[in-house]
Amino acid sequence: MLSRTALAMVILAVTGCSQSNSSVGEVTDMTKKNNVKASPINVTPVKSDDETRAKLAQKGLFEGKLMVEHNTGSAMNVTLQYTNSQSYGVPLMFNSGMTADLWLFDATGKKVWAWSNEMMFTQALRETVMPAGKIQNVKFRIADGIAATIGKGFYLQAIFSGRATESQTPAMVPVIYKF
């Protein structure tokens, strides 16, 4: 005789497997299926929407800047300072304990170093609200061995890890510092 738990699991397994999978992943052309003739639609793009999208792609909700402290032949301290310049608090979602990352690119645009490669982060969702007008800092350290390789044409790029949960606009676009 089956226990109630075992019986419930058997019922769930049978009902879960009895549904058809014929439509999973299947793309159907409804015009053929319903004998409908498709007619082309002329769409004229609205210039103002295109301009708005371009402006949003270039600017995030937060303003960011990189500040670099560098003494020749020693490690380099870098601070990403970001400000919520909105008149409202911005709800953020982070997928890990990392708030931002810092990448180093050479003169050809090849990524040669990433701060996150040397770090470990908690793999947990975290939610927070960045209040209006608030300024926060994320500090990075570039070891002296890496800092010594930086030459003309190199640049740093800071990437903010948070995602604005109530906006299509990115929380912050990448911030660049050129040497």
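## Strand pairing

In this predicted model, A100 stands opposite F160 in β8. This pair belongs to the contact between β4 and β8, two strands that run antiparallel and are joined by six bridges. On β8 there is also a pairing with strand β10, which covers residues 175–178; these two strands are antiparallel as well, with four bridges between them. Within that pairing, L156 stands opposite Y177 in β10.

Strand β4 is also joined to β5, in the antiparallel sense, by three bridges. Here the bridge partner of W103 is A114 in β5. The two strands form a hairpin with five residues between them, and G109 in the turn has a positive phi of about 90 degrees.

A further group of strands is arranged as an open sheet of three, in the order β6-β3-β9, with antiparallel pairing. Strands β6 (126–130) and β9 (163–164) stand at the edges and each has a single partner strand, so one side of each is left without a neighbour in the sheet. Five bridges hold the pairing of β3 with β6, and in one of them M93 has E127 of β6 as its bridge partner.

The table lists pairings described above by their bridge counts.

| Strand pair | Direction | Bridges |
|---|---|---|
| β4 and β8 | antiparallel | six bridges |
| β3 and β6 | antiparallel | five bridges |
| β8 and β10 | antiparallel | four bridges |
| β4 and β5 | antiparallel | three bridges |

## The chain as a whole

How many helices and strands does the protein contain? There are four helices and ten strands. Along the sequence, these elements follow the pattern α-α-α-β-β-β-β-β-β-β-α-β-β-β. Of the 179 residues in the protein, 26% are buried. Among contacts between residues at least 6 apart in sequence, 74% join residues at least 24 apart.

## The nonpolar core

The largest nonpolar core has 30 residues, and those with the most contacts inside it are F62, L80 and L102. The elements that give two or more residues to this core are β1 (62–70), β2 (76–84), β3 (90–94), β4 (100–105), β7 (135–142) and β8 (155–160). Of these, β2 gives the most, with four residues.

The surroundings of L80 can be described in detail. Leaving aside neighbours within four places in sequence, L80 is in contact with K65, L66, A100, Q136, N137, V138, F140, A158, M172 and V175.

## Residues around the β4–β5 loop

Both D106 and T108 are located in the loop between β4 and β5. Is D106 buried or exposed? D106 is buried, yet has no salt bridge; K110, the nearest side chain of opposite charge, is 5.7 Å away. The cut-off for a salt bridge is 4 Å, so a separation of this kind has to be compared with that limit. The side chain of D106 does have a polar contact of 2.6 Å with the side chain of T108. Beyond four places in sequence, D106 is in contact with V112, G153, F154 and Y155.

T108 is exposed, because its relative accessible area is 70% and the exposed class begins over 50%. T108 and F154 are 46 residues apart in sequence, while their C-alpha atoms are 8.2 Å apart in space.

## Two further positions

Q157 is found in strand β8. At 15% relative accessibility, Q157 counts as buried, because buried means under 20%.

H70 is found in strand β1. With a relative accessibility of 38%, H70 counts as partly exposed. Apart from residues up to four places away in sequence, H70 touches A75, M76 and A147. From H70 to D144 the separation is 74 residues in sequence and 9.8 Å in space, C-alpha to C-alpha.

Definitions and conventions
Residues numbered from 1 in each chain as written. Predicted model: local features only at pLDDT ≥ 70, side-chain atom pairs only at ≥ 80, totals over all residues. Heavy atoms only, no water. Core = buried A, V, L, I, M, F, W, Y, C linked by side-chain atoms within 4.5 Å. Buried < 20%, exposed > 50% of the residue type's maximum accessible area, 1.4 Å probe, protein only. Contact = heavy atoms within 4.5 Å. Lys, Arg positive; Asp, Glu negative; His and termini not counted. Polar contact = N/O pair within 3.5 Å; in protein donor to acceptor, adjacent residues only side chain to side chain. Pairing = 2+ DSSP bridges.
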